[in-house]
Amino acid sequence: MKEQDITQLSKFLSYVLRHKPESIGVTLDPEGWANVDAIIAGAANSGRIVVRDMVERVVATNDKKRFAFSPDGQSIRAVQGHSTDEVAIRFEERVPPAHLYHGTATRFLPSIREQGLMAGNRHHVHLSADKQVAVSVGTRHGKPVVLTVAAATMHAQGHKFHLSENGVWLTEAVPASFLSEPSDNGEAG
Ligand code: HQG
């Protein structure tokens, strides 16, 4: 199986398991689980050949560990990043580190300064403990800028944080008062 096929299948699974399960007639339970055989059958009906072996490769080798199998291996889910209303994963609450980072594009800054960080289509705002990860997330959208989130202060004021299985910090929204930009703390870009 070529690298390119693995990436394509990962994108397909992200689409189905996070956003549009109905596109191949699959249902997700509230914790995000879908039956692997149902995905394979649904994919086949829409003209895409998926075999279990390929799904196993994607789960095992995915760079961000985006997917997980259930203990019995019958089901698969995306561990975070959902937009579909079918899913409402009950993430455990966690105490965040003092600071977390959010990578975005400079063109979003005027709106973020006004509204803070909003989840948009997804269920949460995504934050990382690692600045470099935030840079690459921001780069997906344009010229990147990394915002620092005063996470411990937010948490102390009652905001809930969760940590997904693959290490992404999640929260509902980040009010602008908890955000600082690189120029606010003397750091470059
Ligand atoms: C921006 C990837 C204007 C926000 C990554 C972001 C991540 C606002 C965009 C995961 C705003 C949403 C998620 C406001 C937020 N005004 N723009 N008030 N508040 N935004 O893709 O965080 O590869 O939904 O800054 O690793 O970029 O898919 O979120 O630029 O964990 O596994 O609105 O996706 O993971 O974009 O990325 P997204 P994101 P995967």
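This is a predicted model: local features need pLDDT of at least 70, side-chain atom pairs count only at pLDDT 80 or more; totals for chains, interfaces and linings use all residues.
Trainee: How many salt bridges are in the whole structure?
Mentor: Six, each a side-chain nitrogen of Lys or Arg within 4 Å of a carboxyl oxygen of Asp or Glu.
Trainee: What does glutamate 165 pair with?
Mentor: Glutamate 165 bridges to arginine 77, with the closest N and O atoms 3.1 Å apart. The two are 88 residues apart, glutamate 165 in the loop between S7 and S8 and arginine 77 in strand S3. Strands are DSSP runs of E, at least two residues, and helices are runs of H or I, at least four, numbered from the N terminus.
Trainee: Which residues share that network?
Mentor: Shared partners join Glu31, Arg77, Arg90 and Glu165.
Trainee: Is arginine 77 buried or exposed?
Mentor: Buried, with a relative accessible area of 12%; buried means under 20%, exposed over 50%, partly exposed in between, using a 1.4 Å probe and protein chains only.
Trainee: New topic. Which residues of H3 are buried?
Mentor: Val55, Val58 and Val59, in residues 52-61. Down the axis of H3 the buried residues fall within an arc of 95 degrees, so they line one face; the arc is taken from the directions from the helix axis to the C-beta atoms.
Trainee: And which exposed residues are on the face turned away?
Mentor: Asp53 and Ala60.

How values were computed: Residues are numbered from 1 along each chain as its sequence is written. Side-chain values use heavy atoms; hydrogens and water are left out.
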